[in-house]
Amino acid sequence: MIQKLINQYCRALSVLMALSLVLMVVMVFGNVVMRYGFNSGLTLSEELSRWLFVWMTFLGGVVALNERAHLGTDSLISRLPVAGQRLCLGISYVLMLFICWLIFEGALKQTQINWDSTSAVMETSMGYFYASGVVFAVLGAPILVYNLWRLLSGQMPDKDLIGIRENDDMPHGNPHP
């Protein structure tokens, strides 16, 4: 049930990211056409595209966290016994939660510090820009807590202890003679 809820909000984040990407492409392409074709442009498009890119990156980080799609290496972990793999995964979840806390704390301070500052073109509070880190930490931490709970309660299968799904070092199919 918890994983279903997490998957639903990740699906909603994916839709927001797709809409952001479409808006960015339209604004940047439209701005290029206007600059080269009509010798004018939309100053708003550059700043808003930059903001959307930052937000899209942080939201994508949450989705990747849920899908365990972040980069990793398994050269040491795969050689450990299952108990060692569980221990290392547990330590990594605790460290990631700590990093989420650091991101939350830092982004919240930046949001508060910059709340009264406005952006150059949109004249919108810069606090909204820095709030992307707060949102990442608030949405990412439950995923980590849930996975840590699954690990500690024994609900995580052994096949999920190593997050690497594909390895470039391993030959695919028949090796060339």
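A residue is called buried here when its relative accessible area is under 20%, and in this predicted model Met156 therefore counts as buried, at 2% relative accessibility. Met156 lies in the segment after α4. Asp160 is placed in the segment after α4 (127–152), and because its relative accessibility is 19%, Asp160 also counts as buried.

| Residue | Relative accessibility | Contacts beyond four places in sequence |
|---|---|---|
| Met156 | 2% | Arg86, Leu89, Tyr93, Asn147, Arg150, Leu151 and Leu161 |
| Asp160 | 19% | Arg68, Leu89 and Arg150 |

Among the contacts of Met156 is Arg86, a residue 70 positions away along the chain, and the C-alpha atoms of Met156 and Arg86 are separated by 9.4 Å. Asp160, for its part, has a side chain joined to that of Lys159 by a polar contact of 3.3 Å.

Met156 also belongs to the largest nonpolar core, which holds 23 residues, and it is listed with Cys10, Val62, Leu89, Tyr93, Ile143 and Leu151 as touching the most other members. At least two residues of this core come from each of α1 (2–38), α2 (43–67), α3 (82–113) and α4.

Val62, another of the core members that touch the most others, is in contact with Tyr9, Cys10, Leu13, Phe136, Leu139, Gly140 and Ile143 when residues up to four places away in sequence are not counted.

Technical notes. Residues are numbered from 1 along each chain as its sequence is written. This is a predicted model: local features need pLDDT of at least 70, side-chain atom pairs count only at pLDDT 80 or more; totals for chains, interfaces and linings use all residues. Side-chain values use heavy atoms; hydrogens and water are left out. Helices (H or I, at least four residues) and strands (E, at least two) are DSSP runs, numbered from the N terminus. Buried means under 20% relative accessible area, exposed over 50%, partly exposed in between (1.4 Å probe, protein chains only). A polar contact is a pair of N or O atoms within 3.5 Å; within protein, one must be able to donate a hydrogen and the other to accept it, and residues adjacent in sequence count only if both atoms are side-chain atoms. Contact means heavy atoms within 4.5 Å. A nonpolar core is a set of buried Ala, Val, Leu, Ile, Met, Phe, Trp, Tyr and Cys residues joined through side-chain atoms within 4.5 Å.
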